[in-house]
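Have the model open and follow along.

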Amino acid sequence: MFDGSLWNYIRSFFLILKRSLIAHRVALLILLVGVFFPLQIFGELAEEVWENEGGFSWDVPTLLAIHSTANPQLDRFASTLTRLGVFWGVFPVATVIVLTLLFHRRWHQLTYLVITLLGSIIINRTTKVLLHRVRPHLWESPAPELDYGFPSGHAMSSMTLVVALVVLTWGSRWCWFVLAVGGGFVLAIGWTRLYLGVHYPSDILAGWAASIAWAIGVRLLLKFPSPRKNSS
């Protein structure tokens, strides 16, 4: 009888577990792909930087390959474009969106955006100070930087804003537009940091991974309705 009761308990447990997994399959998939995997990538990169400040075997060859395309016109273009990654682009766009949400009293979305953007800044600055990875000095950069390099602040700020906007427009007709334009913007900013020689590729990847995990993780914690598909 004891064996039969034990088997019934085990079977009931797995039935409840199965129903729970099915009921929450979308949230679990988002948690796995949007938070767990990016955190794993960031953790692996951060651990390697912590143990070996010299970086990864593919960092320098990638930078040198990108630098082989350098010319004065690209120098000016990259130096100008890279400023959109923070003060000339991300900051004013984020400010306009915050003010718009405030004006329309979209408190849940406003709270999400503010927490996500401010948290990303804190994560970036804290990680830079903790790991104190020196930036590459392979050539004289047209737009040099003086602080620590891991993870890239430009990569984090651009990716955080784009992921947050995808979250805010999810289910609406604007979502794919934001995803397409934002994805191109994130890649362009990442390229400028490599072209200018102020970041290793691993700095960029770490910034992207941390931003994705943070922005999606905050969304999973803060419950608010997504816009309807036909909303503007």
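**Exercise 1.** Work out at what angle the axes of helix α6 and helix α7 cross.

*Solution.* Step 1: α6 covers residues 107-131 and α7 residues 153-169, helices being DSSP runs (H or I, at least four residues) numbered from the N terminus. Step 2: their axes come within 10 Å and cross at roughly 160°; axes are lines fitted to C-alpha atoms over the stretch in contact, and angles run from 0 to 180 degrees between N-to-C directions. Step 3: α6 is therefore roughly antiparallel to α7 (angles over 145 degrees).

This is a predicted model, in which local features need pLDDT of at least 70 and side-chain atom pairs count only at pLDDT 80 or more, while totals for chains, interfaces and linings use all residues. Residues are numbered from 1 along each chain as its sequence is written, and side-chain values use heavy atoms, leaving out hydrogens and water.

**Exercise 2.** Describe how α7 packs with helix α8.

*Solution.* Step 1: the axes of α7 and α8 (residues 175-195) lie 9 Å apart, at an angle of about 175°. Step 2: this makes α7 roughly antiparallel to α8. Step 3: the contact (heavy atoms within 4.5 Å) includes Val162 and Leu165 of α7 and Phe185 and Ile189 of α8.

Conventions
Helix = DSSP H or I, 4+ residues; strand = E, 2+ residues; numbered from the N terminus. Parallel < 35°, antiparallel > 145°, perpendicular 65-115°, else oblique.
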